[in-house]
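Subject: Handover of a structure and notes on its contents

Dear colleague,

Please find below the structure that I am passing on to you. My notes follow directly after it, and I would be grateful if you read them with the model open.

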Amino acid sequence: MDELLSIGDFSDRCGLSAKMLRSYAAAGLLVPAAVDGSSGYRYYSTGQLHRARIIALLRRAGIAVDQIAMFFGNPDTVQLDCWDREIVSESTARRQALAQARAALALAQAPPPAQPKASMKGAEVTYAYVTGTATHIGGRDTNQDAVLVSDDLLAVADGLGGLQRGEVASRLALDTLDAAFAADRSISGLLTAGREANRAVWRQANGQDATMGTTLAALALTSDGAAVVLHVGDSRLYRFRAGRLEQLTHDHTVIADLIRAGELSEEDAHTHPYRHVLTRAIGVVPEVDIDYAGVSCEPDDRLLLCTDGLFNALTPDELNIVLASDAEPQKSADQLVTSAVECDAEDNVTVVIIDVH
């Protein structure tokens with residue numbers, strides 16, 4: 001007899017949340033192998049993992065539950081081929097519509113300045129860059145920040161949830177983002193990767209019946225020939241150009257909303273009781289609004305991705321001094337983190353510096 005697993009253990013192993021498993025059981029698609037007669041607790045067998053994983057993949061492909069149920073009645077690869085053609089047709093039509101929208105928009109706007117060309121693999125308009133990364137536990141007991149430097153994708157994440165949950169959330173979000181973007185390096189693929197990261201953390205939290213989440217700020221060089229920032233929460237992207245430091249992301253926090261509305265000053269924000277409260281985070285809800293925008297890059301630009309432990313400890317002027325130096329990115333990254341720690345940073349501190357050439 002196959003080993004029986006609790007719904008939580010089965011969820012962890014197959015990648016479907018407990019909520020999704022219950023809905024599939026109600027639809028007759030994936031019925032528990034056993035149920036405790038006294039408590040009503042559901043158990044699944046290890047022999048059902050294969051079917052569950054196929055269901056998860058088909059749902060990720062956008063196949064409806066009722067269609068999946070019919071498919072398992074006669075699991076023929078001909079049906080998979082049919083779905084594949086439908087997905088390709090739909091994707092092609094959507095991309096054509098976006099291309100037409102892009103062309104229409106260009107008619108009403110001045111053409112953007114030409115982007116510098118270099119030798120970055122996989123992009124039509126490309127950049128050469130050098131990076132440096134650094135992280136420190138700061139004033140916390142554990143480091144729940146995570147950092148990613150991958151092909152054409154750089155990111156930081158600041159986990160939340162207490163104990164080890166924040167550490168799990170930030171790492172899971174970046175690993176999922178990296179894998180999903182590798183499969184489709186377009187702008188559309190980047191947004192899909194962000195949504196996949198959110199769902200991965202959300203499923204993990206549901207599987208553990210825990211509150212878990214993370215901020216996320218990522219810079220991607222897409223196959224569409226554009227540098228794009230994607231972000232949720234209060235991790236940030238800055239650009240240092242010609243002696244001027246500019247924040248390119250907008251924090252998703254109660255404080256930031258109050259400042260933007262003119263209801264709170266920058267000075268009062270440092271002592272406000274809600275200064276650490278986020279309005280958005282990866283993994284806290286099943287679907288989250290993800291902000292994204294194109295990033296203008298020129299030779300000699302210096303870009304900075306960072307978690308809030310950095311900018312809460314150092315002033316913009318102090319950031320400016322380090323970024324304005326001629327030091328290599330790694331040395332500047334180390335200096336920023338060291339300076340934040342010396343200023344008694346209350347939180348973990350993580351930075352990625354990108355020099356564009």
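Does aspartate 251 count as buried or exposed, and what is its relative accessibility? At 9% relative accessibility, aspartate 251 counts as buried, because buried means under 20%. Please keep in mind that this is a predicted model.

Confidence of the model

The mean pLDDT of the chain is 85, and 87% of its residues reach 70 or more. Residues 110-125 should be read with care: pLDDT stays under 50 there. For this stretch the model has 28 contacts beyond four places in sequence.

Salt bridges

In the whole structure, a search finds 13 salt bridges. One of them joins the side chains of arginine 236 and aspartate 251, at 2.6 Å from N to O. Arginine 236 counts as buried, at 13% relative accessibility. Arginine 236 also lies over the face of phenylalanine 311, at 3.5 Å from the ring centre.

A second salt bridge is formed by glutamate 196 and arginine 60, whose side chains meet at 4.0 Å, N to O. Since glutamate 196 lies in helix H7 (residues 187-208) and arginine 60 in helix H3 (residues 49-60), the pair ties together parts that are 136 residues apart in sequence. Glutamate 196 counts as buried at 13% relative accessibility, whereas arginine 60 is exposed, with a relative accessible area of 54%.

Aspartate 175 and arginine 171 also form a salt bridge, with their closest N and O atoms 3.2 Å apart. These two residues are 4 residues apart in helix H6 (residues 165-183), so about one helical turn separates them. Aspartate 175 counts as partly exposed at 41% relative accessibility, and arginine 171 counts as partly exposed at 31%.

Aromatic rings

How many aromatic pairs does the structure hold? There are 3 aromatic pairs. In one of them, the rings of phenylalanine 10 and tyrosine 44 have their centres 4.6 Å apart and their planes at 15°, so the pair is stacked. Phenylalanine 10 lies in helix H1 (residues 7-14) and tyrosine 44 in strand S3 (residues 42-45), so the pair ties together parts that are 34 residues apart in sequence. Both phenylalanine 10 and tyrosine 44 are buried.

Phenylalanine 71 and tryptophan 83 form a tilted pair, with 5.6 Å from centre to centre and 50° between the planes. Phenylalanine 71 is in helix H4 (residues 65-73) and tryptophan 83 in helix H5 (residues 77-107), 12 residues apart. Phenylalanine 71 counts as buried at 9% relative accessibility, and tryptophan 83 is buried, with a relative accessible area of 5%. Phe71, Phe72 and Trp83 form one aromatic cluster. Over the face of phenylalanine 72 lies arginine 51, at 4.0 Å from the ring centre.

A loop residue

Aspartate 141 is found in the loop between strand S4 (129-136) and strand S5 (145-150). At 77% relative accessibility, aspartate 141 counts as exposed. Aspartate 141 and aspartate 347 are 206 residues apart in sequence, and their C-alpha atoms are 9.4 Å apart in space.

With kind regards

Technical notes. Residues are numbered from 1 along each chain as its sequence is written. This is a predicted model: local features need pLDDT of at least 70, side-chain atom pairs count only at pLDDT 80 or more; totals for chains, interfaces and linings use all residues. Side-chain values use heavy atoms; hydrogens and water are left out. Buried means under 20% relative accessible area, exposed over 50%, partly exposed in between (1.4 Å probe, protein chains only). pLDDT is the predictor's confidence in each residue, from 0 to 100. Contact means heavy atoms within 4.5 Å. Rings of Phe, Tyr and Trp (its six-membered ring) pair if their centres lie within 6.5 Å; planes under 30 degrees apart count as stacked, over 60 as edge-to-face and the rest as tilted. A charge sits over a ring if NZ of Lys or CZ of Arg is within 6 Å of the ring centre and within 35 degrees of the ring normal.
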